[in-house]
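Biologist: Could you take me through this structure? I would like to begin with the strands and then turn to the aromatic rings.

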Amino acid sequence: MTAPGTLKSILLVEDDPQDVQLMLAALEQHHLADRVFVVQDGAEALDYLYYRSAFAHRPRGNPVLVLLDLKMPKVDGLEVLKTIKSDALLKAIPVVVLSSSRETTDLTECYRLGVNGYVVKAVDYQGFMTSVRQIGAFWGKLNEPPPN
């Protein structure tokens, strides 16, 4: 159980600056996370999770949620998901994929690798904001994260 006053953090892995701004606005508007750390590709996401490079001195502890795009430069979302779910220290972190892809192969592979949720990004502003708000409300407020 999360102690009162404990900061809840979300790791947002997204390479589209417009999507990042919309997601941050939706999360902030509804106070769904105390901290959102944004990285722009899969390599940075892994550096963040493993305390490497620019993230070597970040605060200890895992995020309560990873919001993960699939199609990214350097290391794609599937590889990030595979790494998280195959590491005993990381695999309990919930991962929700936010993707524009409705491809059956992407869905199948994500669930095979252990994704906790797969949400297709809405193309309209209101739908996009509603999706992010609902994801943030469940994972940031209602769900009890695993102990670090």
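Modeller: Strand β1, residues 9-13, is largely enclosed by the rest of the structure, because five of its five residues are buried. Please keep in mind that this is a predicted model.

Biologist: Which residues cover the two faces of β1?

Modeller: Ser9, Leu11 and Val13 lie on one side, while Ile10 and Leu12 lie on the other. All of these residues are buried, and both faces of the strand are covered.

Biologist: How many bridges join β1 to β2?

Modeller: Five bridges join β1 to β2, which spans residues 35-39, and the two strands run parallel. Within this pairing, Val13 has Val39 of β2 as its bridge partner.

Biologist: And how many join β1 to β3?

Modeller: Four bridges connect β1 with β3, residues 65-68, and these strands also run parallel. Here Ile10 stands opposite Leu65 of β3.

Biologist: Let us change topic. How many aromatic pairs does the structure hold?

Modeller: There are two aromatic pairs. In one of them, Phe37 and Tyr48 are 5.2 Å apart from centre to centre, with 40° between the planes, and this pair is tilted. It links distant parts of the chain, since Phe37 belongs to strand β2 and Tyr48 to helix α2, residues 42-49. The two residues are 11 residues apart.

Biologist: Are those two buried or exposed?

Modeller: Phe37 has a relative accessible area of 24%, so it counts as partly exposed. Buried means under 20%. Tyr48 is at 1% relative accessibility and therefore counts as buried.

Biologist: Why is the pair of Tyr48 and Phe55 edge-to-face?

Modeller: The planes of Tyr48 and Phe55 stand at 70°, so the pair is edge-to-face; planes over 60 degrees apart count as such. The ring centres of Tyr48 and Phe55 are 5.4 Å apart. Phe55 is buried, as is Tyr48.

Biologist: What do the ring pairs link together?

Modeller: They link Phe37, Tyr48 and Phe55 into a cluster.

Biologist: One more topic, the charges. Which charged end sits over the ring of Tyr48?

Modeller: That is the charged end of Arg58, at 3.9 Å from the centre of the Tyr48 ring.

Biologist: And where does Arg60 lie?

Modeller: Arg60 lies over the face of Tyr51, 3.7 Å from the ring centre.

Technical notes
Residues numbered from 1 in each chain as written. Predicted model: local features only at pLDDT ≥ 70, side-chain atom pairs only at ≥ 80, totals over all residues. Heavy atoms only, no water. Buried < 20%, exposed > 50% of the residue type's maximum accessible area, 1.4 Å probe, protein only. Pairing = 2+ DSSP bridges. Phe/Tyr/Trp six-rings, centres within 6.5 Å; stacked < 30°, edge-to-face > 60°. Lys NZ or Arg CZ within 6 Å of the ring centre and 35° of its normal.
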